[in-house]
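Visitor: I have a model open and would like to learn how to read it. Where do we begin?

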Amino acid sequence: MRNKLLFINTFFFFFFLLRASSLSLPLSTNSRWIVDQDGQRVKLACVNWVSHLELVVTEGLTKQPVDVITKKISDLGFNCVRFTWPLFLATNESLASQTVQQSFLNAGLADSIPDLQANNPSFLDLSLINAFQAVVESLTENKVMVILDNHLSKPGWCCSNSDGNGFFGDQYFDPELWISGLTKMATLFKDNPYVVAMSLRNELRGPRQNANDWYRYMQRGAEAVHGANPNILIILSGLNFDKDFKFLNNQPVSLTFTGKLVFEMHWYAFTDGEAWKNGNPNEVCGKVTNYIMGMSGFLLSKGFPLFVSEWGVDLRGTNENDNRYLNCILAWIADNDLDWALWTWAGTYYLRQGVKGMVEYYGLLNSDWTDVRNSSFLDRISVLQSPLQGPGLSERNKHKIIYHPSTGLCIQRKPVMGVQLGNCLESNHWTYTPEKSLTIKGSYFCLQAQGLNSPARLSIQCAGMGTSWTPISDSKLHLSATLRKSSNVCLDVDSNNNVITSKCKCLSKDSKCDPESQWFKIVDATDVITTGLQSQAQGHSLS
Ligand SMILES: *[C@@H]1O[C@H](CO)[C@@H](O)[C@H](O)[C@H]1NC(C)=O
Ligand SMILES: *[C@@H]1O[C@H](CO)[C@@H](O)[C@H](O)[C@H]1NC(C)=O
């Protein structure tokens, strides 16, 4: 039995490698899914990598050789980069032709040149535009897809309402120049199939923003890019810092082509100020998720992919506002199986807002760019890196997984009749019945609450006490069951990672307590083979 399993796993492992190495580009859309040429779902699991700050040099080149950095992106289970660039790189010849070395000197960073020389000597005398291309080449060699993101016009940190880069007609945002820059970039990379998408403009905002101009220029920009490279996906950002697409309820985008349009949205904890820290996490999560579904999430049901192209947290785990938000957004991304790009990849910046060598605590990498800043964060997002639903995945294998965002793990069976947390992609397949019983597919076993502060277990009395699980609270992220004397308990994870049931915590009002250990999401999933293999491939390369 074991040998047979090993054989099957090994077989599928190689099968997966074969598939991954023959990703059939270009991409297109099939309703709300992004698919490859074979019609198979491709889930974008990306990092943002910054190239739009004052130096207009991709961050990290003073820390590690570019190939080491790009290889690490795929080793960590990401399949793409949202690669930022300032418009002027494409439209200002004297900027684009400046060398990397000159750019460091101009910025007062002569000190950093020896580190650049040591790690990436070939970059010193490249022009800024050629250096940008060289990074794309390196990503391509590692089969990492690239989404070119026009982040702003004038190089520098983004974004504020009054920085002159916010909306068509602003000081640095001439629509005609923008269209010509987009066309140039699309043309420059048109022969590289790994450049799969262009995000036309990041976070539209400011006093000039309005829906009429949004349609006028976004449609023109989309047509211009499509004309230059008809293969790539066109990604459009919403108003008000990429939050608001409500206007699309009244009027769709009108384009001469189909199957290429994707919308992107951004969601951080600070999007809602300090609401997470100061409010009750269930109430805030429920309220904010509903708000987001109304502003951008509705696009999924209109048949468009929604790319969560910026989200992220302070990875030191010290920001309470971020920590509470993180559990909520992880559940939301998993539940909707969204495409996404984490903010951000860089562990440091050469120069940001006047600070040399600024550390980026939202950055996945540490300050030396040698390793991840926080490996438990990677564990928590690993299930989000795999496609769970969509075209090409087996309909026959439809099931549920029970995801616990605060650990990134899922509920699985353990001997004898017990349950534990484990890798989501290797966890059991569950069915959620109309009677709200959670049953392991193909078995008689269902999840049962045994009592207050007792381990949850499997039972074969699936209509019995403690076997009906209802999502409760505003967040709907607590799974509650009723015991004798109609007392309720919630599924929970104790400090030793045991799955137990306990008194339901902070369901409303109380802003002091954090219910994260009791937050679970019953998530739709389909094919076991593709996803299971992806996890093996990741496990393999991480070890
Ligand atoms: C073009 O770039 C150069 C070099 O950075 C800069 O001095 C100049 O002001 C830029 N021109 C425009 C129109 O932005
Ligand atoms: C990683 O994040 C967790 C919170 O998610 C935190 O408790 C831990 O201290 C962090 N580790 C490091 C090394 O920053």
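Guide: A polar side-chain atom of N374 sits 2.3 Å from an oxygen atom of ligand 2. Keep in mind that this is a predicted model.

Visitor: Which residues are around ligand 2?

Guide: Start with the residue list, then sort it by class. The list for ligand 2 is L315, R316, G317, R373, N374, S376 and R380. By class, that shell has one nonpolar, three polar and three charged residues.

Visitor: Now ligand 1. Which residues surround ligand 1?

Guide: N92, S94, L95 and Q98 surround ligand 1. A polar side-chain atom of N92 is 2.3 Å from an oxygen atom of this ligand. For S94, the distance from a polar side-chain atom to an oxygen atom of ligand 1 is 3.5 Å. Ligand 1 exposes 360 Å² when taken alone, and the protein buries 36% of that.

Visitor: How does the shell around ligand 1 divide by class?

Guide: One residue is nonpolar, three are polar and none is charged.

Visitor: Is T70 buried or exposed?

Guide: Check the relative accessible area. For T70 the value is 0%, so T70 is buried. T70 belongs to helix α2, residues 66-75. Then look for side-chain partners. The T70 side chain makes a polar contact with the side chain of S138, at 2.8 Å.

Visitor: On to the backbone. Which peptide bonds are cis?

Guide: Read omega for each bond. One cis bond joins L25 and P26, with omega about 5 degrees. P26 is in the loop between α1 (2-21) and β1 (28-30). Another cis bond runs from P415 to V416, with omega near -15 degrees. V416 is in the loop between β14 (409-414) and β15 (418-422).

Visitor: Which residues have a positive phi although they are not glycines?

Guide: K143 is one of them, with phi about 55 degrees. K143 is in the loop between α7 (128-141) and β5 (145-152). N453 is another, with phi about 60 degrees. The place of N453 is the loop between β18 (446-448) and β19 (454-455).

Visitor: Why does K143 count as partly exposed?

Guide: Exposed needs a value over 50%, and buried needs one under 20%. K143 has 41% relative accessibility, so K143 counts as partly exposed. N453 has 55%, so N453 counts as exposed.

Visitor: How far apart are D474 and N280, in sequence and in space?

Guide: Read both separations side by side. D474 and N280 are 194 residues apart in sequence, and their C-alpha atoms are 9.9 Å apart. D474 is in the loop between β21 (470-472) and β22 (478-482). With a relative accessible area of 48%, D474 is partly exposed.

Visitor: And how far apart are K509 and V47?

Guide: K509 and V47 are 462 residues apart in sequence and 35 Å apart in space, C-alpha to C-alpha. K509 is in the loop between β24 (499-502) and β25 (521-525). K509 has a relative accessible area of 69%, so K509 is exposed.

Terms used
Residues numbered from 1 in each chain as written. Chains lettered and ligands numbered in written order. Predicted model: local features only at pLDDT ≥ 70, side-chain atom pairs only at ≥ 80, totals over all residues. Heavy atoms only, no water. Near = heavy atom within 4 Å. Polar contact = N/O pair within 3.5 Å; in protein donor to acceptor, adjacent residues only side chain to side chain. Areas by Shrake-Rupley, 256 points an atom, 1.4 Å probe, with all protein chains shown as cover. Nonpolar A, V, L, I, M, F, W, Y, C, P; charged D, E, K, R; others polar. Helix = DSSP H or I, 4+ residues; strand = E, 2+ residues; numbered from the N terminus. Buried < 20%, exposed > 50% of the residue type's maximum accessible area, 1.4 Å probe, protein only.
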